[in-house]
Amino acid sequence: MSDATPLTATTATHCPYCALQCGMNLREPQSEGGLVQVVERPDFPVNRGALCGKGRTAPALLSSRVRLTEPLVRRHATGRLEPATWEEALQTIAAGLRRTRTVHGPDAVGVFGGGGLTNEKAYTLGKFARVVLGTSQIDYNGRFCMSSAAAAHQRAFGLDRGLPFPLEDIPRTGCVILVGSNLAETMPPALRYLTELRENGGTLIVVDPRRTRTAEQADLHLAPRPGTDLALALGLLHLVVAEGRADEEFIQDRTSGWQEARSAAMAHWPELVERITGIGVPQLREAVRMFCEPESAMVLTARGPEQHSKGTDTVSAWINLCLATGRAGRPLSGYGCLTGQGNGQGGREHGQKADQLPGYRKLDDPAARAHVAEVWGVDPDSLPGPGRSAYELLDALGGDVKSLLLMGSNPVVSAPRAGHVEERLRSLDFLAVADVVLSETAALADVVLPVTQWAEETGTTTNLEGRVLLRRRAVSPPPGVRSDLEVLGALAGLLGHEKGFPADPEEVFDELRRASAGGPADYSGITYRRIAEEDGVFWPCPEAGAVVDAQDPAGPAGPAGAAGTSGAWPRAGTIDQPPAGAPHPGTPRLFLERFATPDGRARFVPVVHRVAAEEADREYPVLLTTGRVVAQYQSGAQTRRVDELNAAAPGPFVELHPLLAERLGVGQGDQVAVVSRRGRAQGPARITDGIRPDTVFMPFHWPGEGRVNSVTNPALDPTSRMPEFKVCAVRLEPVTPTP
């Protein structure tokens, strides 16, 4: 339900939730005070009209009854957040940030962004942090989502884009290994691609410690012990070699580093892998047969194997399996990451990461700094260097970092060791939050700013395919609500930068295009008009005239060379060279001619299995893993405010095996506490034989006593700095009902 004022009869736009960015139409209310209606948009290729419950009910968040409509400032006299004018709220934020910089230096100010911010917002937030605040202390919650896969992509291919092919290729391949993804609940409209795969004669292998709705669709379900996906991938590669299934011609012609990776894999023989993972040798052999017999195959991973202290190496092992079998850089084959957040792909490309500049440039690259500084009109030497990663930044709050500006994130619920993170947020000298709703994090702030959301603003996002999309403004926001771009522009002005921070999203996007030009994620040939006319444009897409010779993608005219990065330009390999001056068509399929490495070869990375940062022991004998449910999203700050979704998923639960429940004396629906070395969470027991007896599962969408991230482990991957959300040691305690 929405009480917003409609501007157009019907507007083509996109869902505000996951990285599919499903197309939808919004229709204005038929009467005053009526509903904004979601209407199917069957011509959009990603979802072809299908929507999940979250997408269908998204307009409920447009109502003033569930969202913020005026600024709030914490009054010293009462200690409470109370309504304030925009002038007072902005002045208070500017004074707080200025005071911290003056007393403690620019790096005492932190900035924390979100994977749901549009490209324009993410770009402006990174620019604001580095130009206006002069701080290196900026990161975002996407670090908790796709960072391990991104790091592995970079190591192997020289480029990170979630999927190197469009979703439409999946039904046409021969086999898909889906690792740690419950697609049926996290991205329901995408399940049709797996259904069509099987209808076309292909096979599906699902790797998950739980028998999820997705696993029930599989031809083969492998249920490893949590934290052992790395051993599983290495064991499969061992069998590929032992059974003579390696593609030696592909390895010779298009890769490097095979001998080292091969030697590492051969130390993981099938019986050893069975002991580590709990998956029998016959199942391992069957998985290899199913993957290798067709002419084409894919491996797709999600958070299951990635959210580990060894997540980058785990993804590298799955990439090695693709490379060794020639399932990469060829049509209908490859490795892909199913990016999770709505703009998780674009959010990690344009500057809100700690080590990054727009266009996926590296902050410590002198040529990249010079290029972006020229676009911004600043001295390259004035730009700060790389800062802390997301959890390390949150852990530093109240210590080195005294003040924080936070946009579009709710770490009180979503961060690992969440109780500690909440304490760190409370210890800050000053906290300002811009959000649509009063989240659990916003409730701790000194100032809260109400900002526009998806249907009330125009901006671009980039979905999991690398398809840049245009969300269009369909309704006016309530009075008293401003956009994030307006907020950043106003704060920049109050802090002495009156120019360079426009509020018009298309103007910001045009600057982003210039800043990204020549970088790995080159958007310079993409315009709002092209996106609208073409149902999105795949990056890289250089501006007309910047296209390189198809036979010399690393040539001096190539965009990557101009950026001072690897010098390798990842052309699609199936797109003819455009005529001189013609627009670049975009790049739906990467790596078919060469990989984005200096020599054009994909790189094997030798990895070996290692145990989780925290294994089960006598005191904490059970392994916990976490995830999502279909009716809620991320920290639940939005979906918990939608009645229909809450009715479908009203609260957390503890999923456990009947054998474990019997040992504990727990019955269906009984309250169970999950306790780790860091904290405690509880929920009603959900007893099922669809989970391993040594494992329990809790969804992570709720605060309070059901906050499972009070329990999770912040141990970090040494490369990606990803926390180990997906496995930690716990004990279970029946909760005695209170009389």
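Cysteine 18 is buried, at 11% relative accessibility (buried: under 20% relative accessible area; exposed: over 50%; partly exposed: in between; 1.4 Å probe, protein chains only). The model is predicted, so local features require pLDDT of at least 70 and side-chain atom pairs pLDDT 80 or more, whereas totals for chains, interfaces and linings use all residues. Residues are numbered from 1 along each chain as its sequence is written, and side-chain values use heavy atoms, without hydrogens and water.

The closest cysteine sulfur to that of cysteine 18 belongs to cysteine 22, at 5.7 Å, which is too far for a bond. Cysteine 52 is also buried, at 15%, and its sulfur lies 5.9 Å from the closest one, in cysteine 15, again too far for a bond. With a disulfide taken as a pair of cysteine sulfur atoms within 2.5 Å, the count is zero.

Aromatic pairs (ring centres of Phe, Tyr or the six-membered ring of Trp within 6.5 Å; planes under 30 degrees apart stacked, over 60 edge-to-face, the rest tilted) number 11. Phenylalanine 128 and phenylalanine 501 form an edge-to-face pair, with 6.2 Å between centres and 85° between planes. This pair links helix α3 (residues 119–133) to the loop between α19 (484–494) and α20 (505–516), across 373 residues. Phenylalanine 128 is buried at 0%, and phenylalanine 501 is buried at 10%. Phe157, Phe591 and Phe595 form one aromatic cluster.

Just after α13, glycine 326 adopts a positive phi of about 70°.

Key: Helices (H or I, at least four residues) and strands (E, at least two) are DSSP runs, numbered from the N terminus.
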